[in-house]
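Hi,

Here is the structure I promised to pass on. Have a look at it first, and then read my notes below.

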Amino acid sequence: MSCCPPKSHSFLDNSEYQCKGTFENVDDLEMYVSGSGEKCVIWNYDIFGFDGGRTRQNVDLLASHGFMVILPDYYRGFFITPTDPGLMDHIKKYSYSKLEPDVNRVLSFARSRGATTFGSVGTCWGSFLVMKLSAFPDFKAGVSMHPSHPKMMELLEDGEEEAYKQVQCKQLFMNAGNDHENLFPGGLADKVLGEKLTIEEFPDMVHGWSMRADLSEPKSKRDVNR
């Protein structure tokens, strides 16, 4: 089992991008922080981790619209590919009980910088945390791009249906054509979340497109910029 479906986009080297934010630490947790303001978005990265693809570039883009955006490095500098034989063990290390202390560090840091209202974004692996954060009363919206939480919750024995029942705020799913069936109209998320959920489909894309697709390909450029 993998968090990513077959034929997903692989690692994208975007190291030439010049970051606009700063790197901050709370205890041993490093964070990339861009922008400022009372409205704060917690960005939860994909399986490729803190340096993966266009993640920081998109954090900066979102921050330019008037948000404080925080990208925590839950993996502490590590990343793994979806084809690595150690992937399942890696995912099992990051149950919510393991991640919760970092979530508390991030929220305390954000509040110390003036944040009062929160939202969350997650790509691939990060959609798991979007579901968890969206159960908090201070969170007003969650966005999941090519989400992987159905597979992860199955592996972690963390009930997907119950997670949806705990969600308190509006959700947007941006699904690639090969994402999990539970994420589409008529699927489990739709049935449980109802009017809280908006689903945008990207049928020409495969999992990972928003952070890792080659923008020289016209359809990828079209949907990344959509």
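When I say that residues pack or touch, I mean a contact, with heavy atoms within 4.5 Å. Helices (H or I, at least four residues) and strands (E, at least two) are DSSP runs, numbered from the N terminus. Bear in mind that this is a predicted model: local features need pLDDT of at least 70, side-chain atom pairs count only at pLDDT 80 or more, and totals for chains, interfaces and linings use all residues. Residues are numbered from 1 along each chain as its sequence is written, and side-chain values use heavy atoms, leaving out hydrogens and water.

Let's start with helix α1, which covers residues 55–63. Its buried residues (under 20% relative accessible area, where exposed is over 50% and partly exposed is in between, with a 1.4 Å probe and protein chains only) are T55, R56, V59, D60 and A63. Down the axis of α1 they fall within an arc of 140°, so they line one face of the helix; the arc is taken from the directions from the helix axis to the C-beta atoms. Their packing partners are the strands β1 (22–26), β2 (29–34), β3 (39–44) and β4 (68–72), plus α8 (209–212).

I used a 1 Å grid over the protein atoms alone: a cavity is a set of points where a 1.4 Å probe fits but cannot get out, a pocket is an open set with protein on both sides within 12 Å along at least five of seven lines, and lining residues have an atom within 4 Å of a point. Points are joined across faces, edges and corners, and a volume is the space filled by probe spheres set on them.

The largest pocket comes to about 650 Å³. Of the 31 residues that line this pocket, W43, N58, L61, L62 and M145 lie nearest its centre. Two or more lining residues come from each of β3, α1, β5, β6, α8 and α9. The pocket lining splits into 17 nonpolar, nine polar and five charged residues (Ala, Val, Leu, Ile, Met, Phe, Trp, Tyr, Cys and Pro count as nonpolar, Asp, Glu, Lys and Arg as charged, and the others, Gly among them, as polar).

As for cavities, the whole structure has one of 30 Å³ or more. The largest cavity has a volume of about 40 Å³, and I42, N44, P72, Y74, D102, V103, V106 and L133 line it. Helix α3 (96–112) gives the most to this lining, with three residues.

How many aromatic pairs are there? The count is 13, taking rings of Phe, Tyr and Trp (its six-membered ring) with centres within 6.5 Å; planes under 30 degrees apart are stacked, over 60 edge-to-face and the rest tilted. F118 and F139 are stacked, at 5.3 Å centre to centre and 25° between the planes. Elsewhere, Y45, Y74, Y75, Y94 and W125 form one aromatic cluster.

Finally, S220 sits in helix α9 (residues 218–224) and is buried, with a relative accessible area of 6%.

Cheers
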